[in-house]
Amino acid sequence: MTQIKNILIIGGAAGIGQAVVLDRLKKGDRVVFTDINKESGNKLQDLWRSEGYEVSFIEQNVTSWNDAEKVVDETFKLYGSIDVLIISAGITSQKRFEEITEKDWRFTLDVNLTGLFYSLKAAVPKMAAQGGGSIVIVGSGSAVTGSGGGMHYAASKGGAFGLMRAVADEYSHQGIHINLVAPRVIETEMLDVLYPTEEEKNQLRNKIPVNRFGTLTDTTDVINFLASEEAGYIQAQVVLMDGGRTYLTG
Ligand SMILES: NC(=O)C1=CN([C@@H]2O[C@H](COP(=O)(O)OP(=O)(O)OC[C@H]3O[C@@H](n4cnc5c(N)ncnc54)[C@H](O)[C@@H]3O)[C@@H](O)[C@H]2O)C=CC1
Ligand SMILES: CC(=O)C(C)=O
């Protein structure tokens, strides 16, 4: 029988995070999910509870250290452990180098990188103290290519690679199993922000060797695998999920 797990998903009210929350609930796990979007988070919590799932929503702005601590403490209070931590919260905006203001830079780095740091800092020592657990960070192939919105976004996602490896370096021996999935072009609202028209989407699709965008199911499958015992010997890796676009030229 599969063991029920206690899962914390940061940024679970939309897109990739939301898909993972529902998938883990359907698998029978207990899930705490957080998001800055309180309205959507509460609605999803009520809907999923009405369907019989064990799920709790906590409002969190990942740029707040207090929120990061509160979320981890409340998850431990509710379930007694965090077996799997998935960090998906993120933002992007389509801007060329010369258009990026200091405010854009700080905001994007704050959410995507400082927010990630706070979530890890609040959770990792407690997960290590409980005997370990699995962590999957949702990064981006932008860290490799410089694409995905602008240099502010690519830089924030590049920082996530280093942060993930630094945590692995210090905590692998204490049972922290950590990897990063680096998607490119997954069908979510974020993709609509970057490529709002059908014409832009068609042009983009033509650049992808497998002739399609990534789906939420593609992403959920990879995240679940990286968080599983089956992936126990995969450690401190960046798994690029891009339909072949980054390295293939044909
Ligand atoms: N959709 C795509 O093509 C790709 C997405 N990604 C990454 O995947 C992750 C998830 O993105 P999607 O699901 O596509 O986007 P999305 O926009 O659908 O979902 C992002 C979620 O993060 C939440 N969020 C934003 N700022 C927050 C904050 N300050 N505190 C707490 N929550 C906050 C949003 O409210 C939203 O629920 C992001 O880190 C993104 O950079 C990476 C590569 C490709
Ligand atoms: C947002 C992002 O990282 C993309 C489209 O690769």
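Residues are numbered from 1 along each chain as its sequence is written, while chains are lettered from A and ligands numbered from 1 in the order in which they are written. As the model is predicted, local features need pLDDT of at least 70 and side-chain atom pairs count only at pLDDT 80 or more, whereas totals for chains, interfaces and linings use all residues. The pLDDT, the predictor's confidence in each residue from 0 to 100, averages 97 over the protein chain, and 99% of the residues score at least 70. The ipTM is 0.99 and the pTM 0.98.

Let us begin with the sheet. Helices (H or I, at least four residues) and strands (E, at least two) are DSSP runs, numbered from the N terminus, and two strands pair if DSSP finds at least two bridges between them. Seven strands form an open sheet with parallel pairing, in the order β3-β2-β1-β4-β5-β6-β7. The edges are taken by β3 (55–59) and β7 (238–241); each has a single partner strand, so one side of each is left without a neighbour in the sheet. From one strand to the next, the twist averages 15°; axes here are lines fitted to C-alpha atoms, for helices over the stretch in contact, and angles run from 0 to 180 degrees between N-to-C directions. Four bridges join β1 (residues 6–10) to β4 (residues 84–87) in the parallel sense, with Leu8 having Leu85 of β4 as its bridge partner. Across β2 (30–35) and β3 lies helix α2 (residues 38–50), which runs at about 170° to β3.

Two helix pairs come next. Helix α3 (residues 65–79) packs against α4 at an angle of about 35°, the axes being 8 Å apart. Their crossing is right-handed (the near helix is turned clockwise from the far one by less than a right angle). Residues in contact, with C-beta atoms placed from the backbone within 7 Å, include Trp65 and Phe76 of α3 and Tyr118 and Lys126 of α4. α1 and α9 (residues 216–227) cross at roughly 65°, and their axes come within 9 Å; this crossing is right-handed too. Here Ile16, Ala19, Val20 and Asp23 of α1 meet residues of α9, among them Leu216 and Ile223.

What surrounds the ligands? A residue counts as near a molecule if its C-beta atom, placed from the backbone, lies within 6 Å of it. Ligand 1 is surrounded by 30 residues, of which Ala14, Gly15, Gly90, Thr188 and Met190 are the closest. At least two residues of this shell come from each of α1 (15–26), α4 (102–129) and α7 (189–194). Around ligand 2 stand Thr92, Ser140, Gly141, Ser142, Gly148, Gly149, Arg184, Val185, Met190 and Leu194.

How values were computed
Contact = placed C-beta atoms within 7 Å.
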